[in-house]
Amino acid sequence: MAEVSITSLVKRYGDALAVDDLTLTAADGQFVSLLGPSGCGKSTTLKCIAGFEEITSGTIAFDGRDISGDLPEDRDIGMVFQSYALFPHMTVRGNLAFGLEMRRVGRAEMARRVDAALEMVQLVPYADRYPSELSGGQQQRVALVRALVIEPKILLLDEPLANLDAKLRDEMRTFIRDLQQRVGITTVYVTHDQSEAMTMSDRVVVMFAGRIAQAAPRARSTTVRQARRSRGSWAMPTSSGPCPRGRGGCALPRVRRWSRCRGWTRAARPA
Ligand SMILES: Nc1ncnc2c1ncn2[C@@H]1O[C@H](COP(=O)(O)OP(=O)(O)OP(=O)(O)O)[C@@H](O)[C@H]1O
Ligand SMILES: [Mg+2]
């Protein structure tokens with residue numbers, strides 16, 4: 001698929017600095033999560049990668065080619081926005097088919113992929129409804145499969161599971177991760193949920209005030225799970241669990257303390 005490499009990215013909105021000299025690489029097929037408090041620049045980073053925001057300075061390259069000047073539609077990206085951004089004048093089926101039509105996928109193949117996507121997110125009965133006739137969680141699922149159904153080179157997901165109930169969120173996590181691994185899509189995933197980031201990602205990057213505060217060592221998720229099983233000390237701090245260094249309370253909302261602690265980094269390193 002594609003390696004995404006961001007070098008010294010700066011994004012300003014007037015005087016406000018949303019992204020401050022961010023350098024990050026997502027290797028080909030890697031699943032990278034961005035974690036961090038509200039307003040730290042996660043969504044802005046995704047929008048810059050997708051081309052929906054013009055960058056102030058720095059470069060964004062796919063497979064070594066600088067695409068900073070390319071239009072969004074030329075970047076082969078699937079994106080789920082925090083605000084869904086469904087086409088309001090199209091039904092659910094129309095929303096899912098749109099990207100495939102743009103890619104000139106044949107009718108039979110398009111119908112097959114749209115039906116499979118609807119089934120996957122349990123929205124078959126809603127296929128002919130318009131977005132305004134759906135709940136927030138249903139809209140979110142449509143947005144998610146709309147990005148996945150085109151099987152893009154790069155997938156950018158901005159809190160795609162935030163409005164789902166716990167059971168559906170669990171199913172969708174597995175679904176996203178399985179699909180990502182099967183197709184090998186390079187994925188940048190924004191979430192506030194630390195355990196979600198840890199179970200799904202190859203790499204977790206913590207942002208604070210537009211910068212990278214900390215990047216967890218690269219580890220395949222299977223290795224992470226194995227490490228968690230085999231080493232009692234492998235305990236990424238969660239809102240309910242203690243920090244392995246014994247300080248406790250390193251939950252995401254207090255990311256400043258968490259990133260200063262660093263105890264989890266050492267404990268997290270797989271044997
Ligand atoms: N269009 C805009 N104009 C001016 N400032 C903006 C704009 N979009 C974002 N910002 C500012 O840039 C900063 C980063 O915003 P961003 O949306 O990237 O945060 P975030 O990390 O995604 O937060 P959240 O977790 O709440 O979604 C914030 O301070 C925000 O107010
Ligand atoms: Mg955001």
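This is a predicted model: local features need pLDDT of at least 70, side-chain atom pairs count only at pLDDT 80 or more; totals for chains, interfaces and linings use all residues.

Residues are numbered from 1 along each chain as its sequence is written, while chains are lettered from A and ligands numbered from 1 in the order in which they are written.

**The chain as a whole**

- The chain has 9 helices and 10 strands; these are DSSP runs numbered from the N terminus, with helices being H or I of at least four residues and strands being E of at least two.
- Buried residues make up 38% of the 271 residues. Buried means that 20 or more other C-beta atoms lie within 10 Å of the residue's own, exposed means 12 or fewer, and partly exposed is in between, with C-beta atoms placed from the backbone.
- Among contacts between residues at least 6 apart in sequence, 66% join residues at least 24 apart. A contact here means that two C-beta atoms, placed from the backbone, lie within 7 Å.

**Around ligand 1**

- The shell around ligand 1 is made of Tyr13, Ala16, Ala18, Gly36, Ser38, Gly39, Cys40, Gly41, Lys42, Ser43, Thr44 and Gln82. To count, a residue's C-beta atom, placed from the backbone, has to lie within 6 Å of the molecule.
- Strand E2 (16-26) and helix H1 (42-50) each bring at least two residues to this shell, and H1 gives the largest share, 3 residues.
- Sorted by class, the shell holds 4 nonpolar, 7 polar and 1 charged residues. In this scheme Ala, Val, Leu, Ile, Met, Phe, Trp, Tyr, Cys and Pro are nonpolar, Asp, Glu, Lys and Arg are charged, and the others, Gly among them, are polar.

**The sheet of 4 strands**

- This open sheet runs in the order E2-E1-E4-E5, with antiparallel pairing. Two strands pair if DSSP finds at least two bridges between them.
- E2 and strand E5 (65-66) are the edge strands with a single partner each, so one side of each has no neighbour in the sheet.
- Strand E4 (residues 57-62) and E5 pair in the antiparallel sense over 2 bridges, and alanine 61 has aspartate 66 in E5 as its bridge partner.
- H1 packs on this sheet, touching strand E1 (4-13), E2 and E4, and its direction makes about 65° with that of E2. Axes are lines fitted to C-alpha atoms, for helices over the stretch in contact, and angles run from 0 to 180 degrees between N-to-C directions.

**The sheet of 6 strands**

- Another open sheet has the order E6-E7-E8-E3-E9-E10, with mixed pairing. Its edge strands, strand E6 (77-80) and strand E10 (211-215), each pair on one side only.
- On average, neighbouring strands of this sheet are turned by 20° against each other, ignoring direction.
- E6 and strand E7 (residues 154-158) pair in the parallel sense over 4 bridges, with methionine 79 opposite leucine 156 in E7 and valine 80 opposite leucine 157.
- Helix H4 (residues 136-149) packs on the sheet and touches E6 and E7, its direction making about 175° with that of E6.
- On to the next pair: E7 and strand E8 (residues 186-190) are parallel over 5 bridges, and isoleucine 154 is partnered by threonine 186 in E8.
- Why is E7 largely enclosed by the rest of the structure? Because 5 of the 5 residues of E7 are buried.
- In a regular strand the side chains alternate between the two faces of the sheet. For E7 both faces are covered, with Ile154, Leu156 and Asp158 buried on one side and Leu155 and Leu157 buried on the other.

**The core and its helices**

- The largest nonpolar core has 57 residues, and Val4, Ala117, Val145, Val149, Ile154, Leu156 and Val188 touch the most other members. Such a core is a set of buried Ala, Val, Leu, Ile, Met, Phe, Trp, Tyr and Cys residues joined through C-beta atoms within 7 Å.
- H4 supplies the largest share of this core, 7 residues.
- Leaving out residues up to four places away in sequence, valine 188 touches Val4, Ala26, Val32, Leu34, Leu46, Ile49 and Leu156.
- Helix H2 (residues 92-102) has Val92, Arg93, Asn95, Leu96, Ala97 and Leu100 buried, and their cover includes helix H3 (107-120) and H4.
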